[in-house]
Amino acid sequence: MYQVGDYLVYGMEGVCRVADVGHPKLSGVSRTQLYYTLVPVGKTDSIYIPVDTQVYMRPPLSREAVLALLEALPALPVCADLPADARLLAPYYQEIIASHDCERLLRLYKTIWCKQQILAGSRRSLSVTDMRYWKQAENLLLGEIAFVLDIPYAEAVKTVRQRLGEASQATPAP
């Protein structure tokens, strides 16, 4: 069980601080169930969730794990098994997002970034599906990187994109 002051990665919210553990005084909330009061990093809104929720939660990555991911990024392969049928992309992307596996999220981010680079050369843009899941992966992963490294979100984006620029010479596009 998490304690007040702990940080955790919660579902699609990303990194949150545990502000309270107890029985919130809200209508419609069980008075016998313990709840976490979570505050997403960088926001002021609170989220109330039962401590025994089935929604994905884990501690944030360690600084060493984040630095290792960033170091591995240039050699990290793109997703080679992208569905050829555009209708199958959303479920494919969703499965990666739902896994909360940081390496897979980074590979997805890199794959869609490479797609964007190729399309930009022909003055085309990413599909709505690509953009939606790229942003989801970015918010989850880069938000955690920014938190762990104690840097602004924009700096995390810049750092990852610089590493992707270095990788573009070594990694074939999807």
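Which residues lie nearest the centre of the largest pocket? They are Glu13, Val15, Val41, Asn139 and Gly143, part of a lining of 15 residues. Before going further, note that this is a predicted model, in which local features need pLDDT of at least 70 and side-chain atom pairs count only at pLDDT 80 or more, while totals for chains, interfaces and linings use all residues. Residues are numbered from 1 along each chain as its sequence is written, and side-chain values use heavy atoms, with hydrogens and water left out.

**The overall layout**

The chain has five helices and five strands, and from the N terminus its elements run β-β-β-β-β-α-α-α-α-α. Helices (H or I, at least four residues) and strands (E, at least two) are DSSP runs, numbered from the N terminus. Along its principal axes, the C-alpha trace spans about 60 × 35 × 25 Å.

Two packed helices are described by the angle between their axes and the distance between the axes. Axes here are lines fitted to C-alpha atoms, for helices over the stretch in contact, and angles run from 0 to 180 degrees between N-to-C directions.

| Helix | Angle with α4 | Axes |
|---|---|---|
| α1 (residues 63-72) | about 125° | 9 Å apart |
| α2 (residues 89-99) | roughly 5° | within 10 Å |
| α3 (residues 102-121) | about 135° | 9 Å apart |

Angles under 35 degrees count as roughly parallel, over 145 as roughly antiparallel, 65 to 115 as roughly perpendicular and the rest as oblique. α2 and α4 are therefore roughly parallel. In their contact (heavy atoms within 4.5 Å), Leu89, Ala90, Tyr93, Gln94 and Ile97 of α2 meet Thr129, Asp130, Tyr133, Gln136, Ala137 and Leu140 of α4. That contact has seven nonpolar, three polar and one charged residues. For these classes, Ala, Val, Leu, Ile, Met, Phe, Trp, Tyr, Cys and Pro count as nonpolar, Asp, Glu, Lys and Arg as charged, and the others, Gly among them, as polar.

α3 and α4, by their angle, are therefore oblique to each other. Their crossing is left-handed, meaning that the near helix is turned anticlockwise from the far one by less than a right angle. On the α3 side the contact includes Cys102, Leu105, Tyr109 and Trp113, and on the α4 side it includes Tyr133, Trp134, Leu141 and Glu144. By class, this contact has twelve nonpolar, one polar and four charged residues.

α1 also passes α4 in a left-handed crossing. Arg63, Val66, Leu67 and Leu70 of α1 make the contact with Ile145, Val148 and Leu149 of α4. Six of these residues are nonpolar, none is polar and one is charged.

**The pocket and the cavity**

On a 1 Å grid over the protein atoms alone, a cavity is a set of points where a 1.4 Å probe fits but cannot get out, and a pocket is an open set with protein on both sides within 12 Å along at least five of seven lines; lining residues have an atom within 4 Å of a point. Grid points are joined across faces, edges and corners, and a volume is the space filled by probe spheres set on the points.

The largest pocket has a volume of about 290 Å³. α4 gives the largest share of its lining, six residues, and β2 (14-22) supplies at least two. The lining divides into nine nonpolar, three polar and three charged residues.

There is one cavity of 30 Å³ or more. The largest cavity is lined by Val9, Arg58, His100, Leu105, Leu140 and Glu144, which divide into three nonpolar, one polar and two charged.
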